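Thanks for coming. I will go through one model today, starting with its strands and ending with its aromatic rings.

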Amino acid sequence: MANYQIFKDETENTTTRFVVFSAGSNRFEFAFLHAEQFDGKTMLLDLESKRLGLVDHQTLDEPGRLEHIFQMNQIDAEQLRACLHDLI
């Protein structure tokens, strides 16, 4: 038997929204997950790259935030950022 210790084990109902959209020359497929556990933030899951991050309107505007989370260049991140402000 494995030796491990569980510190937290909770079940919570969540809301998930699936959105496919284009921004500039890019096509995006995202799942937007909303849960009390995220303290008002939205978990963004890029269904193509399988990268995810917790964001809200404030963190969207942090320099380099989307570039780091989704491993994209600044131009693509700016196009995505403009759409995400409307979607979250």
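Two strands count as paired if DSSP finds at least two bridges between them. Strands (E, at least two residues) and helices (H or I, at least four) are DSSP runs, numbered from the N terminus.

Some housekeeping before the details. This is a predicted model, with local features needing pLDDT of at least 70 and side-chain atom pairs counted only at pLDDT 80 or more, while totals for chains, interfaces and linings use all residues. Residues are numbered from 1 along each chain as its sequence is written, and side-chain values use heavy atoms, leaving out hydrogens and water.

Now the sheet. It is open, has 4 strands in the order β1-β2-β3-β4, and the pairing is antiparallel. At the edges are β1 (15-23) and β4 (52-55), each of which pairs on one side only. On average, neighbouring strands are turned by 25° against each other, ignoring direction; axes here are lines fitted to C-alpha atoms, for helices over the stretch in contact, and angles run from 0 to 180 degrees between N-to-C directions.

β1 and β2 are joined antiparallel by 9 bridges. They make a hairpin with 2 residues between them, and glycine 24 in that turn has a positive phi of about 65°. Alanine 23 has asparagine 26 in β2 as its bridge partner. Between β2 and β3 (residues 42-46) there are 4 bridges, also antiparallel, and phenylalanine 32 has leucine 44 in β3 as its bridge partner.

Helix α3 (residues 74-87) packs on this sheet and touches β1, β2 and β3, where contact means heavy atoms within 4.5 Å. The direction of α3 makes about 135° with that of β1.

On to the rings. Rings of Phe, Tyr and Trp (its six-membered ring) pair if their centres lie within 6.5 Å; planes under 30 degrees apart are stacked, over 60 edge-to-face, and the rest tilted. The count is 5 aromatic pairs. One of them, phenylalanine 30 with phenylalanine 32, is tilted, at 6.2 Å between centres and 55° between planes. Both are buried (under 20% relative accessible area; exposed is over 50%, partly exposed in between; 1.4 Å probe, protein chains only).

Which kind of pair do phenylalanine 30 and phenylalanine 70 make? Their planes are at 80° and their centres 5.3 Å apart, so the pair is edge-to-face. Phenylalanine 30 lies in β2 (residues 26-34) and phenylalanine 70 in helix α2 (residues 65-70), so this pair ties together parts 40 residues apart in sequence. Ring pairs link Phe21, Phe28, Phe30, Phe32 and Phe70 into a cluster.
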